[in-house]
Amino acid sequence: MPELPEVQAHAERLTDDYAGQPLQRFVPLTFTALKTVAPPPDSAYGLPLDEVGRRGKYLLLHFGPVTFAVHLMQGGRLSVDAKQSARPRGGQARFVFAGDQPALLLTEQGTERKAGVWCMSTDEVLTTPPLVQLGPEADLVEPDEMAAHFAERSVRLHGFLRDQRAIAGLGRRLANEVCHRAKLSPFAMTGKLGPDAAAEVVKAIRDAVAEGLEYERGRDDMSSSKDRPGRVHRRTGEPCPICGDTIRAVEYSGYTVNYCPTCQTGGKVLADNTTSKFLK
């Protein structure tokens, strides 16, 4: 799933290419693509795109008083659509612009089909679902705030980092990278992490996000997961670039937790099943 760096860089590219272009029409290509009923998308017709912003993992297409929030989910993309075919592969919705500007097509590969578009009043976009449910931006949280969040509820660190209601913008890849950079077990309980650990997590988030942004901003399009930079994510069996130990994995049905035993768990190897008692 695209995370904060990929979505932010893509928003910047779209702003550069589409700012000032009037929206001609919005076309849902599936019944589930448009998640809202009011305001209607046609209230934005004829209005120029001010910019494409971001909140968490959502792209925000601002057309004056109307904003479209777009979530790409696991396999989604919002890409230039010059052909505008009637039945594009994986097509969910299309933004058509006036003049010669190519359309933008929201696609989603796979079978889940959870990508979607919310049409909202710009004044209320941050205070209504789905964005109102998001926590603070992950790369803007200060150490004392992080420590307070950790103290509020005790959950596994990896799960906390992926929870958009706790902090917004991170996903499975960055959760792996942040835990490694902070030298903390992915299954450490947040309630037991004090201010020093919170400060290390904040620093790790900012470093990992900055690395991802630098990579994404050097591209012409959004990267695929396998191409994104990282020290441990998707590197099971490879040597840790910091200490040389073998990168390990805990496999779940939908994702993999990667970690380095030497850097993160005092040399202990975490059992690779969901019913084991993990290192706290």
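I started with Cys263 and found it buried, at a relative accessible area of 14% (buried means under 20%, exposed over 50%, partly exposed in between, with a 1.4 Å probe and protein chains only). This is a predicted model, where local features need pLDDT of at least 70, side-chain atom pairs count only at pLDDT 80 or more, and totals for chains, interfaces and linings use all residues. Residues are numbered from 1 along each chain as its sequence is written, and side-chain values use heavy atoms, leaving out hydrogens and water.

Next I looked for disulfides (a pair of cysteine sulfur atoms within 2.5 Å) and counted zero. For Cys263, the nearest cysteine sulfur belongs to Cys260, 3.7 Å away, and Cys263 is in no disulfide. I also checked Cys119, which is buried at 0% relative accessibility.

Then I turned to a sheet. Its four strands form an open sheet in the order E1-E6-E7-E5, paired antiparallel (strands are DSSP runs of E, at least two residues, and helices runs of H or I, at least four, numbered from the N terminus; two strands pair if DSSP finds at least two bridges between them). E1 (23-28) and E5 (76-81) are the edges; each has a single partner strand, so one side of each lacks a neighbour in the sheet. I followed E5 to E7 (residues 103-108) and found six antiparallel bridges, with Ser79 bridged to Leu105 in E7.
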